[in-house]
Amino acid sequence: MKKLINHPDNVVRESLEGMALAHPDLLKINLDPPLIYRADAPISNKVAIISGGGSGHEPLHGGFVGAGMLDAACPGEVFTSPTPDQMLEAAKIVNSGAGVLNIVKNYSGDVMNFELAAELAISEGIRVLNILIDDDVAVKDSLYTQGSGG
């Protein structure tokens with residue numbers, strides 16, 4: 001499969017810019033640090049929901065930002081976890097005062113960086129809860145339990 005990439009160093013920035021240009025009524029972006037968030041954020045009295053992860057599977061995280069879904073997504077570089085600074089900035093932008101729920105995939109870099117980001121946010125007075133999603137292991141466990149081998 002071919003990808004449309006002008007230059008690998010610019011792929012995250014260009015992906016964010018493209019999504020914002022395609023949906024200016026729905027999405028806003030921040031380039032330093034890189035993140036994408038709802039144009040109407042923060043939503044009064046709503047717990048903000050944030051996720052993120054390495055880029056390279058677009059529009060994976062950013063594609064889930066919108067009404068009834070994520071309030072913000074933090075794209076790391078290609079196949080690299082987002083940084084705690086990205087997640088902290090996202091929390092500051094989308095937090096309405098009702099707190100932040102971070103959806104964390106069970107990848108060691110994501111787990112470590114989201115935990116650090118939560119500590120940073122808490123130190124700045126933002127209530128945060130990290131939820132670890134362990135779907136890959138659950139799928140493997142259920143396959144083994146059903147006796148399908150492996």
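So, what covers the buried residues of H3? The cover includes E3, helix H2 (84–94), E5 and E6. This is a predicted model, by the way, so keep that in mind as I go. The buried residues of H3 themselves are Gly109, Asp110, Val111, Asn113, Phe114, Ala117, Ala118 and Ala121.

At 1.5 Å a residue, its 16 residues should span 22 Å, and the end C-alpha atoms are 23 Å apart, which agrees. After H3 comes Gly125, with a positive phi near 85°.

Now the strands on either side of that helix. E5, residues 100–105, and E6, residues 128–133, run parallel and are joined by six bridges. To get from E5 to E6 the chain goes through H3, residues 108–123, and this β-α-β crossover is right-handed.

Leaving aside neighbours within four places in sequence, Val100 is in contact with Val47, Ala48, Ile50, Ala91, Asn95, Ile126, Arg127, Val128 and Leu129. Which residues touch the most other members of the largest nonpolar core? Val100 is one of them, along with Tyr37, Ile50 and Val94, in a core of 22 residues. Strand E2 (34–38), E3, strand E4 (72–78), H2, E5 and H3 each supply at least two residues of this core. H2 gives the most, with six. Apart from that core lies another, of nine residues, among them Val12, Leu16, Leu27 and Leu70.

One more residue: Ser55, in strand E3, residues 48–55. Buried or exposed? Ser55 counts as buried, because its relative accessibility is 3% and the cut-off for buried is under 20%. Not counting residues up to four places away, Ser55 touches Val12, Pro75, Gly76, Glu77, Val78, Phe79 and Thr80.

Last thing, confidence. The chain averages a pLDDT of 87, and 87% of the residues score at least 70. Where is confidence lowest? That's helix H4, residues 135–145, at a mean of 45, while H2 is highest at 97. Over residues 139–150 the pLDDT is below 50, and beyond near neighbours in sequence this stretch has three contacts in the model.

Key: Residues are numbered from 1 along each chain as its sequence is written. This is a predicted model: local features need pLDDT of at least 70, side-chain atom pairs count only at pLDDT 80 or more; totals for chains, interfaces and linings use all residues. Side-chain values use heavy atoms; hydrogens and water are left out. Two strands pair if DSSP finds at least two bridges between them. Helices (H or I, at least four residues) and strands (E, at least two) are DSSP runs, numbered from the N terminus. A crossover is right-handed if, with the strands pointing away from the viewer, the path from the first strand over the helix to the second runs clockwise. Buried means under 20% relative accessible area, exposed over 50%, partly exposed in between (1.4 Å probe, protein chains only). Contact means heavy atoms within 4.5 Å. The expected span of a helix is 1.5 Å times one less than its number of residues. A nonpolar core is a set of buried Ala, Val, Leu, Ile, Met, Phe, Trp, Tyr and Cys residues joined through side-chain atoms within 4.5 Å. pLDDT is the predictor's confidence in each residue, from 0 to 100.
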